[in-house]
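Have the structure open and follow along.

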Amino acid sequence: MKYQNVIFDLDGVLVSTDEYHYQAWKRIADEEHIPFDRETNNKLRGISRMASLEIILQKAGRTYSQEEKEALAAKKNTYYRESLKNLQAEDTLPGVRETLASLRKQGVKIAVGSSSRNTMTILAQLGMTDAFDAIADGTEITHSKPDPEVFLLAAEKIGAAPSDCLVVEDAKAGIEAGHRGGMKTAGIGEAASVADYPLHGIGELLQIA
Ligand code: G6P
Ligand code: MG
């Protein structure tokens with residue numbers, strides 16, 4: 001492994017909670033009679049809760065007050081957290097646990113860098129709170145991806161220079177955040193096309209020379 005430090009995004013990289021985000025936003029959009037599909041959902045990957053809502057409301061037939069927006073964002077989070085109750089170790093994406101174990105065995109430092117304010121709940125539910133050298137999440141930052149703040153914080157927590165870090169992402173906004181932070185990037189799914197290292201699965205990380 002060429003990098004001594006790897007920073008992982010959470011939703012859609014370590015765990016399938018990206019699907020739960022989609023389901024919760026879909027429910028909100030349906031209730032509000034706003035068109036919403038998986039293509040629009042892809043634009044929300046890595047983006048904060050409020051910024052995601054703003055994107056969804058672009059297709060609404062009317063304007064929403066700040067109060068209404070805050071209520072909708074809170075409702076989405078309630079729906080999302082309802083689905084998190086069912087989250088189990090098995091929801092960790094294929095190859096994740098083996099890859100993390102293997103990186104650690106090689107002495108690579110591993111961290112989480114996620115815009116989600118639910119990060120600690122999710123990691124606790126998966127029994128993975130202690131699987132990382134550091135965790136940086138949405139509760140600690142002012143600017144979410146594509147701003148590099150959360151990745152820079154993760155790098156700082158593991159004592160690594162950004163140029164020695166590899167970011168692993170499923171979001172184009174996350175790849176941009178990594179690059180803006182001076183990091184190299186590995187991308188899965190739609191993020192593969194803009195990453196330094198396109199991956200089909202997380203296990204391929206181990207082959208980055
Ligand atoms: C991650 C997800 C986004 C989500 C954001 C905020 O970056 O990829 O889809 O909107 O976190 O999540 P939260 O759990 O705080 O609403
Ligand atoms: Mg993600």
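Start with helix α1 (residues 17–31) and helix α4 (residues 66–84): their axes come within 9 Å and cross at roughly 135 degrees. Axes here are lines fitted to C-alpha atoms, for helices over the stretch in contact, and angles run from 0 to 180 degrees between N-to-C directions. Helices (H or I, at least four residues) and strands (E, at least two) are DSSP runs, numbered from the N terminus. So α1 and α4 are oblique to each other; angles under 35 degrees count as roughly parallel, over 145 as roughly antiparallel, 65 to 115 as roughly perpendicular, and the rest as oblique.

Who does the touching? On the α1 side, the contact includes Tyr20, Ala24, Trp25 and Ile28, and on the α4 side it includes Leu72, Lys76, Tyr79 and Leu84, with contact meaning heavy atoms within 4.5 Å. Sorted by class, this α1–α4 contact has eight nonpolar, three polar and five charged residues. For the sorting, Ala, Val, Leu, Ile, Met, Phe, Trp, Tyr, Cys and Pro count as nonpolar, Asp, Glu, Lys and Arg as charged, and the others, Gly among them, as polar.

A word on ground rules: this is a predicted model, so local features need pLDDT of at least 70 and side-chain atom pairs pLDDT 80 or more, while totals for chains, interfaces and linings use all residues. Residues are numbered from 1 along each chain as its sequence is written, chains are lettered from A and ligands numbered from 1 in the order in which they are written, and side-chain values use heavy atoms, leaving out hydrogens and water.

Helix α4 has another partner. The axes of helix α3 (residues 49–57) and α4 come within 10 Å and cross at roughly 110 degrees, which means α3 is roughly perpendicular to α4. Among the residues making this contact are Met50, Leu53 and Leu57 of α3 and Leu72 and Ala73 of α4. Leu72 is also one of the α4 residues in the contact with α1.

Now find Thr99, in helix α5 (residues 96–105). With 2% relative accessibility, Thr99 counts as buried (under 20% relative accessible area; exposed is over 50%, partly exposed in between, with a 1.4 Å probe and protein chains only). A polar atom of the Thr99 side chain lies 2.6 Å from the backbone oxygen of Gly95. Leaving aside neighbours within four places in sequence, Thr99 is in contact with Ile202, Gly203, Leu205 and Leu206.

Definitions and conventions. A polar contact is a pair of N or O atoms within 3.5 Å; within protein, one must be able to donate a hydrogen and the other to accept it, and residues adjacent in sequence count only if both atoms are side-chain atoms.
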